[in-house]
Amino acid sequence: MDASTVLSLTEVRKSYGGRTVLSGLDFKLNAGECVALLGPNGAGKSTTIALALGLTQADTGSVELLGVTLPRDGHLARQNVGVVPQYDALDPDFTVFENLLVFGRYFGLHGAQLRERAKALLEFAQLGSRRNDSVSALSGGMRRRLMLARALINRPKVLFLDEPTTGLDPQAKHVIWDRLVELKRQGMAMFLTTHYMDEAQRLADRVAVLDHGNIVVCDKPLALIRDVVGHAILELWGTGAEQCVASLTANEGEHSEPVEQRGETYYFRNERADSMLTKLKDSTHADVDYIYRPGNLEDVFFSLTGRALRDD
Ligand SMILES: Nc1ncnc2c1ncn2[C@@H]1O[C@H](COP(=O)(O)OP(=O)(O)OP(=O)(O)O)[C@@H](O)[C@H]1O
């Protein structure tokens with residue numbers, strides 16, 4: 001494993017009960033880098049995190065974390081790793097501060113050193129004033145921040161975050177993002193899963209899209225937008241959109257590309273978006289709702305993973 005690589009999964013295959021979840025996955029996380037793993041429900045994001053932490057074993061292939069082989073030496077690697085799991089695992093019988101102390105003791109910390117570390121982390125997580133509160137008195141956002149503080153108690157070299165802001169309101173989400181950006185600035189390597197494209201775009205140096213058992217792309221968010229989607233999207237929706245699209249495309253000829261559709265919304269990209277916008281402005285379909293906008297990560301995601309629901 002290269003010195004700058006903190007995590008590597010090579011040719012990893014994993015099945016559950018005959019159902020293939022990962023089919024030869026290759027991935028590397030470098031020191032100081034933040035990678036966001038995106039994928040539809042059930043694509044295998046949590047499974048990838050569990051493998052990366054040595055909590056489950058690959059059927060074939062190899063996993064190395066911080067220079068040690070998993071799952072064999074997982075306990076060694078986990079000494080230097082922080083994990084923010086998808087669901088809060090705080091002890092409701094303890095206060096905010098005590099939750100940090102208890103967790104720190106698992107890592108062999110104690111006494112004044114542990115108390116100082118816990119105090120500093122509560123300040124970092126903007127929970128200093130809630131130090132003596134019961135965990136049950138915290139809001140959802142505060143609980144996530146406490147989970148983040150807890151994951152940092154052992155001064156980890158790499159942080160794993162499984163959907164760190166799912167279920168939080170926009171304000172609470174932004175506070176978590178702000179804290180994660182600060183950690184990035186400090187050089188923390190981070191591997192996170194998310195369903196939020198804005199989260200991936202905001203935080204990730206590289207975005208990996210997992211689908212059908214493998215990573216289909218892994219690159220900088222803006223490079224993905226440029227390469228997979230392009231510079232512009234025209235979206236049309238609402239009453240009259242179908243008729244409008246039919247009339248705008250009527251002169252395109254029989255070899256024209258089919259028009260992309262997600263539910264009741266129609267999409268044109270790039271040069272076609274530009275020309276459709278011109279036609280639309282000159283047309284009689286003034287009442288149709290539309291927006292002309294830059295491409296984004298959600299467009300990349302749909303473009304690569306399709307539109308079919310994955311919850312069956
Ligand atoms: N311990 C397990 N036993 C059996 N099947 C499992 C187990 N863990 C995961 N799976 C299955 O493996 C597949 C991938 O699950 P995983 O939780 O990794 O996906 P995910 O991408 O994290 O999904 P989500 O976005 O819904 O959280 C799913 O079909 C899931 O039902």
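This section describes the confidence, sheets and nonpolar cores of a predicted model.

The chain has an average pLDDT of 92, and 97% of its residues score at least 70. For the model, ipTM is 0.97 and pTM is 0.91. An unreviewed UniProt entry places the feature "domain: ABC transporter" at residues 7-237.

Four strands form an open sheet in the order 2-1-4-5, and their pairing is antiparallel. Strand 2 (19-30) and strand 5 (68-70) are the edge strands, each of which pairs on one side only. From one strand to the next, the twist averages 25°. Strand 4 (residues 60-65) and strand 5 run antiparallel and are joined by three bridges; within this pair, Leu65 stands opposite Val68 of strand 5. Helix 1 (residues 45-52) lies across strand 1 (5-16), strand 2 and strand 4, and runs at about 120° to strand 1.

Strand 3 (residues 34-38) is mostly covered, with five of its five residues buried. In a regular strand, the side chains alternate between the two faces of the sheet. In strand 3, Cys34, Ala36 and Leu38 point one way, whereas Val35 and Leu37 point the other way, and all are buried. Strand 3 runs parallel to strand 8 (residues 189-193), to which four bridges join it; the bridge partner of Val35 in strand 8 is Phe191. Four bridges also join strand 3 to strand 9 (residues 206-211), again in parallel, and here Leu38 has Val209 as its bridge partner.

In soluble globular proteins, nonpolar side chains tend to be buried together. The largest nonpolar core of the model comprises 69 residues, and those with the most contacts inside it are Ala36, Ala52, Ala149, Met190, Phe191 and Val207. Among these, Ala36 belongs to the buried residues of strand 3, and Phe191 is the strand 8 residue bridged to Val35. Ala52 touches Leu7, Leu9, Val63, Leu65, Phe160 and Phe191, residues up to four places away in sequence not being counted.

Note on methods
Residues are numbered from 1 along each chain as its sequence is written. This is a predicted model: local features need pLDDT of at least 70, side-chain atom pairs count only at pLDDT 80 or more; totals for chains, interfaces and linings use all residues. Two strands pair if DSSP finds at least two bridges between them. Helices (H or I, at least four residues) and strands (E, at least two) are DSSP runs, numbered from the N terminus. Axes are lines fitted to C-alpha atoms, for helices over the stretch in contact, and angles run from 0 to 180 degrees between N-to-C directions. Two residues are in contact if their C-beta atoms, placed from the backbone, lie within 7 Å. A nonpolar core is a set of buried Ala, Val, Leu, Ile, Met, Phe, Trp, Tyr and Cys residues joined through C-beta atoms within 7 Å. A residue is buried if 20 or more other C-beta atoms lie within 10 Å of its own, exposed if 12 or fewer, and partly exposed in between; C-beta atoms are placed from the backbone. pLDDT is the predictor's confidence in each residue, from 0 to 100. UniProt positions are given in the numbering used here, feature names are shortened, and annotations may be inferred rather than shown by experiment.
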